[in-house]
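Trainee: I would like to learn how to read salt bridges, sheets and helix packing from a set of coordinates. Could you take me through them one at a time?

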Amino acid sequence: ICQTFKDKTKAVVSTQSTGETIVMFTDSYDVIFVADKAEIIENFKSFDANFVISAESWLWPDMSLESQYPNIEGKKYLCSGLMMGYAGTFYDILHYKDIANTDDDQLFYTHVYLDQEFRSRHKIILDGSSKIFHNLHGAIRELDYGFGNRRIANWEMGTMPQVIHGNGPTKIDLSRFGNYYPAVFDPATGPSGRCMVCEETEGRVNVTEMDTPPVILTAMFITERTPFLDYFINQTFAQEYPQERWHVRIFNRVFAQADLIQELVNYHVTNNEGAKFASVRLYQPKELSMKGNMELYDAGLKECVEVGCDWYYALDSVITLTERSVLSDLMYWNVSVATTQLTQPGQYWSNFWGDVNKDGFYKRSSDYFELVKRERKGLWNVPFVNHLLAIRGDVVRSGNVKYAHDKYDDSNHDVSFAANARSANVFMYMVNTQYHGHLKRMENYTTTNTHNDLWQIFTNPTDWKLNYIHPRYDLYLTKMRHQFPQPCPDVYHFPLLSKKFSWHIIHELESIPGDIFAGSGQNQDTRLAGGYENVPTVDVHFTQINFQQEWLKVLRDFVGPIQQRVFEGYKFHGSAYLSFVVKYHEAGQRKLVPHHAHSTFTTNTALNRQNIDYEGGGSYFIRQKCLVRDVDIGWTLMHPGKLTHYHEGKEIT
């Protein structure tokens, strides 16, 4: 690699004695070859010239020389980043006049080219039509990816350039071309394209094949109130990686969730005799209150250096991980910085950008939608990633990645990280070959309840389902009516809610100051429009805790599809006159008198454990002479309401 002008001269002098030797000179880190040696040489010889230099539309560095440039087809100004020719001619060019290490090579070659006599004698020309060389600066829009022909094409000049140069401010554009060429990704093959680089195995890191896995450090960052925070922390601790080689750091700046985080750390580490983590440290708000985001995230990088980690993972609490192989999956690619694609469900908002503007903020790239919709699956060099980063340890120790940046304010710490990485030529990659999770929405997170996640069904419906719908629910969407458990005629049994929902809704009601059940269980009931209840129960209406709309969505999204499978020909339209939680207790209501429900169909969901939390009880269908007692937490009975299924609640003991 030539670092100075004189180095370049020395690199060519040794070849000057062989006149037929063809030498190509290019800049190093910002050039892509999209053709092989034979094709490039064939194209060079077709010029009938001894030396070919690339061209561009911008005159630099001496604007006063503009009038001396001859007119040619295509671009007319010289760019010294790409050139090739016979060694003897190259030697003569480099000895055109004395040169110093500090001389500007572009200006030197400009003087050579503008010397008409020297140019003609040595047959020096510019590749103005991009037959071999194409400089991107000022000419990005001339290029077509040429996926059908599997070659980049200059549609304006009708050529297929063979060497692409990302000169000037076009490094990101060059990286985008490098995501496809040469032989990197072919979108014309298969439903999601073919990622050829993904098929390579050399240089990859497979933890399962290693006797001693790399030392890793995962840093979890909680900088704002977070819905489903317990799921985020639990899923991080549940990652499949040898704990003896795994350091954990948690940086929490949210006072309101500090106790929950401490409880989760106690569960996974302090009170877990089986935990074998190399080290675990929790930094709570009192320690971090004076630190800004940039300082906080840089502290995580510093922890990696201190423990000598081979891989560093930064995880923001906005992410939801649904797979337990994320750490090893990202490590596998063995790139400087990697992330897996995470998007907000049903949205195009993601944790990567395909392009950035001159200020380093979002700019839509030409292929962003194809990537974010996973219409193209591969390994992508992108200018911005956030929320989940896997950084190789040597990159961390080099100091080339950091969050501190004078240009950006503290709230844009992720933008500053990406800007620092680009400035240091540290490539950042997004891989979307596998689904590992998604992003939550953090706005509109209520803080007025004990279990605020219960009210997230509209804002974060995917996470609500993960946490509060029974894990076997989806299986029942594939069943036919006759395949449903039917403990009594036309009484169908299916899993609806998770144990977590049951525990949370009970705890939510019991945490309300006073006795929210007080005053219920009487015929006179001011909560009802008519003020009178025929069959009173000790209960809490969901309207009392502002949960009615959330429950109606549960009925529409999860109960409705089951109803249509077991009661064909009827479609539930999502309205329910009354939804409530009944409390049975030995010192209070112990049973429910025979009655008809006022609904077209009724659902009853168990929130407690039979024979553990209570004994006896059960639903008895009088006309059918059938008792249903064995109902697990979260499982639901669905039966007709108004006419056929006269029923009662048996006494608990």
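This is a predicted model: local features need pLDDT of at least 70, side-chain atom pairs count only at pLDDT 80 or more; totals for chains, interfaces and linings use all residues.

Trainee: Let us start with charged side chains; how many salt bridges does a search of the whole structure find?

Mentor: The general idea is that side chains of opposite charge can pair when their charged atoms come close. Here, the search of the whole structure gives 27 salt bridges. One of them joins Asp-30 to Lys-171, with 3.5 Å between the closest N and O atoms. This pair links distant parts of the chain, since Asp-30 lies in the loop between strand S1 (22–26) and strand S2 (31–33), Lys-171 belongs to helix H6 (residues 171–178), and the two are 141 residues apart.

Trainee: Which residues are linked in a network of salt bridges?

Mentor: Asp-173, Arg-176, Asp-355 and Lys-363 are linked in such a network. Two of these names return when we turn to helix H6, where Asp-173, Leu-174, Ser-175, Arg-176 and Phe-177 are buried. The buried residues of H6 pack against S2, strand S7 (143–144), strand S9 (163–165), strand S19 (355–356) and strand S21 (379–382).

Trainee: Now to sheets; in what order do the strands of the open sheet that contains S1 stand?

Mentor: In general, strands of a sheet pair through backbone hydrogen bonds, either parallel or antiparallel. In this case four strands form an open sheet in the order S1-S4-S3-S5, and the pairing is mixed. S1 and strand S5 (124–127) stand at the edges with a single partner strand each, so one side of each is left without a neighbour in the sheet. From one strand to the next, the twist averages 30°. Within the sheet, S1 pairs with strand S4 (residues 77–86) in the antiparallel sense over five bridges, and Ile-22 stands opposite Tyr-86 in S4.

Trainee: Which parts of that sheet does helix H3 touch?

Mentor: Helix H3 (residues 87–94) packs on the sheet and touches S1, strand S3 (51–56), S4 and S5, its direction making about 135° with that of S4. Helix H4 (residues 105–114) also packs on the sheet, touching S3, S4 and S5, and its direction makes about 70° with that of S4.

Trainee: What is the pairing in the open sheet that contains S29?

Mentor: That open sheet has four strands in the order S29-S34-S31-S32, with antiparallel pairing. Its edge strands, S29 (592–595) and S32 (626–628), each pair on one side only. Strand S31 (residues 619–621) and strand S34 (residues 647–649) pair in the antiparallel sense over three bridges, and the bridge partner of Tyr-620 in S34 is Glu-648.

Trainee: At what angle do helices H15 and H17 pack?

Mentor: Helix H15 (residues 461–468) and helix H17 (residues 499–511) pack at about 95°, with their axes 7 Å apart, and they are therefore roughly perpendicular to each other. The contact is made by Trp-464, Asn-467 and Tyr-468 of H15 together with Lys-500, Phe-501 and His-504 of H17. By class, the contact has three nonpolar, two polar and one charged residues.

Trainee: Finally, where is Lys-131 placed?

Mentor: Lys-131 sits in the loop between S5 and strand S6 (133–135), and at 27% relative accessibility it counts as partly exposed. Leaving aside neighbours within four places in sequence, Lys-131 is in contact with Asn-43, Ser-46, Phe-47, Thr-159, Met-160, Pro-161 and Gln-162.

Definitions and conventions. Residues are numbered from 1 along each chain as its sequence is written. Side-chain values use heavy atoms; hydrogens and water are left out. A salt bridge is a side-chain nitrogen of Lys or Arg within 4 Å of a carboxyl oxygen of Asp or Glu. Axes are lines fitted to C-alpha atoms, for helices over the stretch in contact, and angles run from 0 to 180 degrees between N-to-C directions. Angles under 35 degrees count as roughly parallel, over 145 as roughly antiparallel, 65 to 115 as roughly perpendicular and the rest as oblique. Contact means heavy atoms within 4.5 Å. Ala, Val, Leu, Ile, Met, Phe, Trp, Tyr, Cys and Pro count as nonpolar, Asp, Glu, Lys and Arg as charged, and the others, Gly among them, as polar. Two strands pair if DSSP finds at least two bridges between them. Buried means under 20% relative accessible area, exposed over 50%, partly exposed in between (1.4 Å probe, protein chains only).
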